[in-house]
Amino acid sequence: GNRILQELEDYSKSVKGWVLENDNYEGVRVSAGDGWFLLRMSLHDPLMPLNIESNTNGGVRIIASQLAVFLRKYQYLDISSIEKYIE
């Protein structure tokens with residue numbers, strides 16, 4: 001989990017329009033165009049909650065698609081709900 005968060009910080013620097021928000025103690029929070037996302041570790045469960053918001057119609061799907069590109073390389077993560085959403 002922590003490795004994923006660290007690698008997401010690096011990945012976010014390579015995506016056009018994404019800006020890593022510094023000093024976020026909850027997880028990795030990124031401004032993404034007209035929206036944002038936060039990926040963090042659960043305090044009690046082996047889960048990584050993901051929140052995405054956007055002020056643009058279809059913006060959440062765009063952010064989720066860009067995140068899926070990154071998350072697909074972690075075969076042990078179940079990202080089926082993201083995959084289903086972006087279909």
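Biologist: Which residues does Ser-12 touch, not counting residues up to four places away in sequence?

Modeller: Ser-12 touches Trp-18, Leu-20 and Val-30 once residues up to four places away in sequence are left out, where contact means heavy atoms within 4.5 Å. This is a predicted model, in which local features need pLDDT of at least 70 and side-chain atom pairs count only at pLDDT 80 or more, while totals for chains, interfaces and linings use all residues. Residues are numbered from 1 along each chain as its sequence is written, and side-chain values use heavy atoms, with hydrogens and water left out.

Biologist: Is Ser-12 buried or exposed?

Modeller: Ser-12 counts as buried because its relative accessibility is 0%, and buried means under 20% relative accessible area, exposed over 50% and partly exposed in between, with a 1.4 Å probe and protein chains only.

Biologist: And which helix does Ser-12 lie in?

Modeller: Ser-12 lies in helix H1, which covers residues 2-12 and lies across E1, E2 and E3, running at about 155 degrees to E3. Helices (H or I, at least four residues) and strands (E, at least two) are DSSP runs, numbered from the N terminus, and angles run from 0 to 180 degrees between N-to-C directions of axes fitted to C-alpha atoms, for helices over the stretch in contact.

Biologist: What about the sheet, in what order do the strands come?

Modeller: The four strands form an open sheet in the order E1-E2-E3-E4, with antiparallel pairing, and two strands pair if DSSP finds at least two bridges between them. Strands E1 (18-20) and E4 (50-54) stand at the edges with a single partner strand each, so one side of each has no neighbour in the sheet.

Biologist: How many bridges join E2 to E3?

Modeller: Six bridges join strand E2 (residues 27-32) to strand E3 (residues 35-40), and Val-28 has Leu-39 in E3 as its bridge partner.
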